[in-house]
Each structure stands twice: as C-alpha cells, then as structure tokens.
Amino acid sequence: MSVEQWEDGVAFALLENPEKWRLRSVERIELSSHRWSLRTRTLHVGPMQEVNQELANLLAQAPEECRGANGDVRILPPLSQMTKRPVVDFESRVGDIKVSRLSRAEGASLQARYFAHRVNSATSGQLTVGEDLQELLTAIFGSTYPPEGKEVEAYVKEQDGAWITPSVVAVAKLVGCEIASRVMEGRVLPSVNSSAQNPLIALPYLNQLRMTQNLDVLSSEELKERLRSLQLLLASLQGQEESVREPLFKLYGEYGRHWEAFARCNVPLDRPFFVTVSTKRHIQFESPEKEGVVRKVKGWIRPVAWTHARFNDALSSHVNIKVTDMNVELKDGKCEARNELNKPLEVFPDHIHKTRELFAIYSSKCNRDDRLWIKTTLRLGRPTGWIHLLVIATILATLSVTWVVWGLFHSRLTAQQLALLLTPSTFAASLLLVRESSHLSAKFTAPARTVIAVCLAALWAGILFLFVKGEIHVDEKQPAPTSSPQVAPSATRPSARASMDHAR
C-alpha cells in the first residue's frame, strides 16, 4: 500500500464516521459586522486508535515516513466544512500547532475520490466512477459560487468559458434540470448557484485544472460525454435501494455547496486533542427560499440573519450565536432553528437558550438533523430605538405646530418663534444622522435614519415655503437700548491747537 492510498484510506474512514472520533463540537458565531461574522469551531477529538477496529488497523499500518515522534502519525483529517462563499481569515490549529489546509484542488480531488469510494462500497462494486468522471466531480466539488446577482452563463464566459459551445451549454442545462428534480428535490433547497445542481458552473474550473496539469482542453464532444456519464451515474443510483441512494445523493448535494477543509498534520493516537478552526464568513440576510417584495421590504426594515451550521458530525453539538454590538440585540421570541429544507425541526434538540444577547442550541440525540438553518431576527437596542422614535416624533410635532398655526389660525410666525421650534429638532436630528456607528448598527439604523432625513427635509421645505410667501414675520427694527445711568458731561480742556487759533 502506497502512502497516498494509506492517507486516502484513513481520510475516508474519518469522513464516513465523524461522530466516532469527534466527541464534541462547539461552534461560536459572533455577528460583529453587517457583512461578516466571526466563526470559531472547536472539535474535541478522542484517542484515534480507539475509534473503531478498522481505523485502528489502518493506523497500525502507517508507513514509516508518516510516523512522527512520541507515537504520532501524519494523516489528513477533515477539519471543517466551509461554504462556497468568500471565507476570510481562515486559521486552523490541531492541538497547539497551527496547520495549513490543503489547496482547493487537492481537497476537491480527495472529495471526488471519497465519493467514488462510497459509490463503489455502497453498491458492492456494481457501480464505479471512472477517472474521467472523477475529474468532472473534482471540478464540481471545487468550483465556487458565482457572484451574487450574476447570471450563470455570464459568469461562465467571464471564467474563460468562451470555448464552451452552445451545444455543451444545452446538455449541461438538461443534466442540471434532471439533477434538480431527481437528486436535490426534497433533500436540500434548490439553488442554481450550486455546481452540483448546475454542472455548467464547474466547466471553466475543469479547464483550469487540466491546464495546471499541462493537459489539453476537452473538446465539446468530450465535455458532453462526461456530463452524460454523470447523468447516467445519478440515474443508476436512483434505481438503488433507499438505504443506498439517500446517503449518496445527500453527499453529492452537500459537496456541491461546501468545501471540506483538510490538513496534513501529525496527531497523537493514544490521547485526546482539540481541533480549532476560525474564519470570517459572509452573513446571509436573505431567506434560503425565494422571497416576495413584501418580505424583502420587511427584511429591510427589520433584518433577519440566516446562519447555516452543521449539527450532527459529533457525539454532541453546540451552536452559540451572539451579537457583539451594544446597539443591536436579538429579538429572542423570533429566533428559531430549522432544518436543511427550512422547515420546523422534527427532532427537538436537548436544549435551546434564547436571550437578547445569545441564542444557543445543544443536542446529543443521534437522530438529530445534520444541518440547521438558524433564523436570528435582529433589532436595535431599546434605548437606541427609543431615541430615534423620540427625534422623529419631535420633528413631526414641530412640523404639525408650524402648519397648524399658519393653516388654521392664519397667524404669521415670527423668526424668534421659528428658531425656538426648529433648533431642538434640527440639532438632535443632525447628531443622529452624522453620528458614527459600527457597520452592523448602521445597517439597522438605516430605516430610522431615512425617516429622520425625510422628515427633516419636509420640515425645512415647509419653512422655506412660508418664508418665500412672506408668512414669516421678521422685525427689522433695532431693539430699543436698555436704560443706563446718565453721565454728566464733563468740561474738557481745549486742545493746544484750539488755544492758538483763539490767540490769533
């Protein structure tokens, strides 16, 4: 057995039974910005040689070059799954040692080999995945999501996809439609940005992979042949028993949406250790399902953060979400955990804790959901929200008094009266509009600031209208001087020049 085969065998055993060697997973999510969340995931790993007999036998057969000091061995453990959206500040530690993950191409290739291994073992060798199809699966599992708002075909052309002919695009769309109805439906939420559902997204990356290996770009017929091979494999899996079909379809859809982060590192065999992965990830404020106009407007007024988290890859799983901005808090009555399809949980977790600062969920039930969508409704802190409402009410009251005095009583306002009315509301509104705030609170104060700006503009537009019409009385007379003690004129001495003129 070569080193590569041994590393693959250990990685496959760890991927297939994550709950056997991960005793506990704790994920801490901090909503610290209006675009990014800080996520730290800690895995408590038990002694590797005690996981099961199969893994213990593999570890005992470790090649000499994979053995380290103190009985450690060098393996490729899966550290974490990451969304295919941008990931910033990725850092991983195994024990106290910082490790670097495999490249995207190496990780995707390992995922493709693992999927091929699962297909072969689940069907007892009846179905196999050839090297050509493995190459396509590597591109599918390694490709990224198109940018938000970008059409898939436009994205493909931008990614050096000009060599992809219209006939290949048509075949890719046909295969994608069949995958969406056969593989994705009822298992994960459909998404045209997933390369597993829409393999057209993966074709430019397939070209890049071949270029890095100094291979020729595939012709249109070769591309269509590989797409049809994928279609045939999934159709053959459809005819298998449910116990065989469901895990494989689920794995295929999962790898189309997430990267598996691997790291080549030394681990102890006879004692537990910790794996810590920290990243910054994009906060999703859009619902996993399509939304109408009304729900989008409601989401702008009161944003909802959606967090996707794994929840059944260890013996027990903990997920904690908190807000670090003092001006923003969770609306605890509206926070909830939902399953992969954004439906209510069928297996209730062991514990859910909700406050204005923290949402925590914990479960050790073996039949709990593999993944969760956690809906956290956010709002401004009550003091900040009341201040914004008070300023809006002050501006509206000032506007109402001004127009009532002029419109109903036909009375002209004096400049002094306007100054008395306008100064407090204008000063308070200006402070709120230009006040510095964090990125997260700025998102939540945007509706209130918009209302304040509109009300303030309406107030001053009304004042300017009254001024132009001459309805504002400005007293041009100077105020009478206040009385002051009279000072008797004093006799002054004539100047020297006046004395000389008198002499003449």
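Predicted model: local features only at pLDDT ≥ 70, side-chain atom pairs only at ≥ 80, totals over all residues.
How many aromatic pairs does the count come to? Five, by the ring-centre rule used here.

Okay, the overall picture. The chain has 504 residues, and 45% of them are buried. In secondary structure we've got 15 helices and 18 strands. If you take the contacts with a separation of 6 or more, 79% of them are between residues 24 or more positions apart.

Now the inside. The largest nonpolar core has 55 residues, and the ones touching the most other members are Leu137, Ile140, Phe141, Leu230 and Tyr252. Quite a list of helices gives two or more residues to this core, including helix 1 (3–16), helix 4 (104–122), helix 5 (131–142) and helix 10 (242–255). Helix 7 brings the largest share, eight residues. Have a look at Ile140 on the screen: setting aside neighbours within four places in sequence, Ile140 is in contact with Lys84, Ser195, Ala196, Pro199, Ala202, Leu230 and Tyr252. There's also another core, apart from that one, with 27 residues, among them Leu55, Cys66, Val73 and Leu79.

As I said, five aromatic pairs. Take Phe115 and Phe141: the ring centres are 6.1 Å apart and the planes sit at 80 degrees, which is over the 60 needed, so we call that one edge-to-face. Phe115 is in helix 4 and Phe141 is in helix 5, 26 residues apart, so to speak a link between distant parts of the chain. Then Phe115 with Tyr252: centres 6.0 Å apart, planes at 50 degrees, and therefore a tilted pair. That one also links distant parts, helix 4 with helix 10, 137 residues apart.

Arg101 lies over the face of Phe90, 5.3 Å from the ring centre. Arg368 does likewise with Phe311, at 5.8 Å from the ring centre.

That's my tour, thanks.

Terms used. Residues numbered from 1 in each chain as written. Heavy atoms only, no water. Helix = DSSP H or I, 4+ residues; strand = E, 2+ residues; numbered from the N terminus. Buried < 20%, exposed > 50% of the residue type's maximum accessible area, 1.4 Å probe, protein only. Contact = heavy atoms within 4.5 Å. Core = buried A, V, L, I, M, F, W, Y, C linked by side-chain atoms within 4.5 Å. Phe/Tyr/Trp six-rings, centres within 6.5 Å; stacked < 30°, edge-to-face > 60°. Lys NZ or Arg CZ within 6 Å of the ring centre and 35° of its normal.
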